[in-house]
Every structure is written in C-alpha cells, then in structure tokens.
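Subject: Structure for you to look at

Hello,

Here is the structure I said I would pass on. Please open it before reading the rest of this email.

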Amino acid sequence: MIARLTMDTSAPTWRGRAMRYVLIYMVLALVLVGVRYATHDVRVNLRAAADREKVLIAQRDTLEVQVQTLTTPQRIREWAFTQGMRRFAEAEPKMNADIPTIPLPANLPASPPEPSSDAGVGLKLPPVSQSRLEVRTQWK
C-alpha cells in the first residue's frame, strides 16, 4: 500500500498555525528591542573612543617630532660638553712611543720577491719605515 499525504485545511488548524507564527514574531521582536536597549550606548562610546584615539595619535606625533629634534648629534654633543664630559680621544694626554720592528725569521730572504708583471694587479706596497703610530679618534 502507498501512504497518502493528506493536508488538514480546517479552520482550527490554520488558526493554530497563525497563532504560533504571531507568537514567534512577537518573541523575536521583543528580543531585538531588548538587544537594542541593552546596546544603545555602544555607538556613543565608540565615537568617544574614536575621538580619544585621534587626540592620542596627534599627541604621539608631536612627541615623536620632539624626540627627533632633541636627539640630534649636535644637541647631544652640546649637552655632553655642558655636563663636563670630554671626548674619549681627548680624555688622556696623547703619548707617542717607538714601536720596535719585528725581526724576520731566519729561513726567509731579507727582501721580499718582486711581484711579476703577470700577477694582474701589479701594486707595490711602500716599505714600512715609520716607527711611530698616531691615532686620532673623532665623534661622528
């Protein structure tokens, strides 16, 4: 046997369905009104937060510019001199000293071999004849 689907179209059935739909819509409307009432101050708070953010961003930008102008090398140098600081290179009096030459090992020839013209570079280094070393240090 094949089961037949029959639809109940009587007035009480339609009235019951209509009442259920109306109740569902009323509950949904009440929920939406309640949510709207509970969150009515969110928009005001968001606008106030956006205004505070604009003020803080402007304050941050001005502080960044101030920091950049206060940390220039010239201002740091001036501040260091006003605080009685001296450059490291000028802290102690300069001293010159003779640097002894290093003797060559016994198994090497006394003069280095001349570089050939086929070497490509062909640069000759001047002989080391200075016996003093002077170092000068400056701030950059």
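The notes below go from the overall fold to one helix, then to a surface patch and the salt bridges.

Please keep in mind that this is a predicted model.

Overall fold

The protein contains three helices and zero strands, and the order of its elements from the N terminus is α-α-α. Of its 140 residues, 1% are buried. The accessible surface amounts to about 14400 Å², and carbon and sulfur atoms account for 63% of that.

Helix α1

Helix α1 covers residues 11-38. From the first C-alpha to the last, its 28 residues reach 40 Å, which is close to the 40 Å expected at 1.5 Å a residue. How many of the 28 residues in α1 are buried? The count is zero, and the helix is hardly covered.

The nonpolar patch

A nonpolar patch on the surface is formed by Y21, I24, Y25 and L28, which together have about 480 Å² of accessible area. One of these residues, I24, sits in α1. I24 has a relative accessible area of 47%, so it counts as partly exposed. As for the spacing of residues along a helix, an α-helix has 3.6 residues a turn, so places three or four apart point the same way.

Salt bridges

The count of salt bridges comes to two. In one of them R60 pairs with D61, with 3.2 Å between the closest N and O atoms. In the other, the side chain of R60 meets that of E64 at 4.0 Å, N to O. That second distance should be read against the cut-off, which is within 4 Å.

Where do R60 and E64 lie relative to each other in helix α2? They are four residues apart in α2 (residues 42-70), so about one helical turn separates them.

Regards

Note on methods
Residues are numbered from 1 along each chain as its sequence is written. This is a predicted model: local features need pLDDT of at least 70, side-chain atom pairs count only at pLDDT 80 or more; totals for chains, interfaces and linings use all residues. Side-chain values use heavy atoms; hydrogens and water are left out. Patches are made of residues with over 30% relative accessible area and no salt bridge: like charges are joined within 9 Å, nonpolar side chains (Val, Leu, Ile, Met, Phe, Trp, Tyr) within 5 Å. Accessible areas come from the Shrake-Rupley method with a 1.4 Å probe; for residues, only the protein chains shown count as cover. Helices (H or I, at least four residues) and strands (E, at least two) are DSSP runs, numbered from the N terminus. Buried means under 20% relative accessible area, exposed over 50%, partly exposed in between (1.4 Å probe, protein chains only). The expected span of a helix is 1.5 Å times one less than its number of residues.
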